[in-house]
Amino acid sequence: MTVENLSQNRSFGGWHKQYKHQSSSLGCEMRFAIFLPPQTAHGEKVPVLYWLSGLTCTDENFMQKAGAQRVAAELGIAIVAPDTSPRGDDVADEAERYDLGKGAGFYLNATQAPWAQHYRMYDYVVNELPALVEELFPVTDQRAISGHSMGGHGALTIAMKNPERYRSVSAFSPICNPISCQWGQDAFRAYLGDDPAAWQQYDSSVLMQQASSEQFLPALVDQGEADDFLESQLRPETLEAAAQASGYPLELNRHEGYDHSYYFIASFIEDHLRFHGKHLGV
């Protein structure tokens with residue numbers, strides 16, 4: 001596996017680095033960012049938190065706006081942030097929409113033309129990217145996963161479908177029940193076809209309600225009460241109801257006055273990092 005370093009910045013004794021590589025899963029060139037805490041400079045291997053960003057974002061938003069590096073450096077946790085979709089001139093897109101196409105991969109494997117050729121973000125996040133990271137960087141195979149909005153949807157679904165690969169999962173303002181909101185319905189219909197039964201495999205609330213105890217992972221969700229998308233797109237009450245039905249170990253916190261922005265994420269990212277650190281054993 002080969003990668004090309006695009007940039008690097010010293011941060012809290014560690015390094016933030018950005019790379020590009022040719023993705024076999026997506027059939028295009030992809031970019032990702034990694035924060036390597038100072039412990040890795042002395043030969044120590046550290047666990048990894050994978051961060052999945054939301055609609056319109058890239059690998060840069062979280063790394064530049066969330067303020068996660070200080071606590072990650074203290075705990076000794078690497079952070080990896082992939083892009084949110086395949087990119088390139090030959091990649092299908094809906095240029096007039098922000099919620100479909102480039103920047104809106106929804107962390108699934110598309111089955112419908114023209115999307116199926118490149119839109120396989122699920123395979124990329126679950127298999128290809130961790131294999132690359134664990135081969136090239138001083139990290140262990142101990143993983144946690146988190147994300148925001150569309151990325152919160154991705155983190156929750158990926159963790160619940162692969163509980164053996166992660167120690168914990170968290171999300172900020174996730175799309176909790178995409179089969180019942182406009183963002184999810186439009187994306188799923190385009191990427192997966194018209195059969196709603198195919199959509200359920202990528203719905204956090206459905207997966208959480210169906211989960212059995214051997215599939216449980218510690219889960220933390222934070223939601224702002226002043227979020228403009230709260231009632232129309234996010235619907236955290238569906239996730240709470242699913243957890244109550246199955247007994248899933250979900251902690252869901254609501255925060256008065258907070259919106260959908262990175263101001264919200266930056267306010268509570270330390271809580272999430274310490275939550276993951278506990279379950280990663282650091």
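Two rings of Phe, Tyr or Trp (the six-membered ring, for Trp) count as an aromatic pair if their centres lie within 6.5 Å. By that rule, the structure here, a predicted model, holds 18 aromatic pairs. Disulfides are another story: a search of the whole structure turns up zero. Below is a quick tour of the rings, the cysteines and a well-covered helix.

**Aromatic pairs**

- Take Tyr19 and Phe32 to start with: their rings are stacked, 5.7 Å centre to centre with 20° between the planes.
- Tyr19 belongs to strand 2 (residues 14-23) and Phe32 to strand 3 (residues 28-36), so this pair ties together parts that sit 13 residues apart in sequence.
- Both partners are tucked away: Tyr19 is buried at 9% relative accessibility, and Phe32 is buried at 0%.
- Trp51 and Phe172 make a tilted pair, with 6.1 Å between centres and 55° between planes.
- Here the link spans 121 residues of sequence, because Trp51 lies in strand 4 (residues 46-52) and Phe172 in strand 7 (residues 169-172).
- Trp51 has a relative accessible area of 0%, so it is buried; Phe172 is buried too, also with 0%.
- Trp51 and Phe172 also belong to one aromatic cluster, together with Phe62, Tyr258, Phe264 and Phe268.

**Tyr50 and its surroundings**

- Tyr50 is found in strand 4 and counts as buried, with 2% relative accessibility.
- Leaving out residues up to four places away in sequence, Tyr50 touches Val80, Leu129, Pro130, Val133, Glu134, Arg143, Ala144, Ile145 and Ser146.
- Phe32 is 18 residues from Tyr50 along the chain, and their C-alpha atoms are separated by 11 Å.

- Cys181 is in no disulfide either: its nearest cysteine sulfur, from Cys176, is 9.4 Å away.
- Buried or exposed, where do Cys28 and Cys181 fall? Cys28 is buried at 4% relative accessible area, and Cys181 is buried at 1% relative accessibility.

**Helix 5 and what covers it**

- Helix 5 runs over residues 182-192 and is mostly covered, with eight of its eleven residues buried.
- Which residues of helix 5 are the buried ones? They are Trp183, Gly184, Asp186, Ala187, Phe188, Ala190, Tyr191 and Leu192.
- An α-helix has 3.6 residues a turn, so residues three or four places apart point the same way.
- The cover over the buried residues of helix 5 includes helix 4 (150-161), helix 6 (196-199) and helix 8 (230-234).

Conventions:
Residues numbered from 1 in each chain as written. Predicted model: local features only at pLDDT ≥ 70, side-chain atom pairs only at ≥ 80, totals over all residues. Heavy atoms only, no water. Buried < 20%, exposed > 50% of the residue type's maximum accessible area, 1.4 Å probe, protein only. Helix = DSSP H or I, 4+ residues; strand = E, 2+ residues; numbered from the N terminus. Contact = heavy atoms within 4.5 Å. Disulfide = S-S within 2.5 Å. Phe/Tyr/Trp six-rings, centres within 6.5 Å; stacked < 30°, edge-to-face > 60°.
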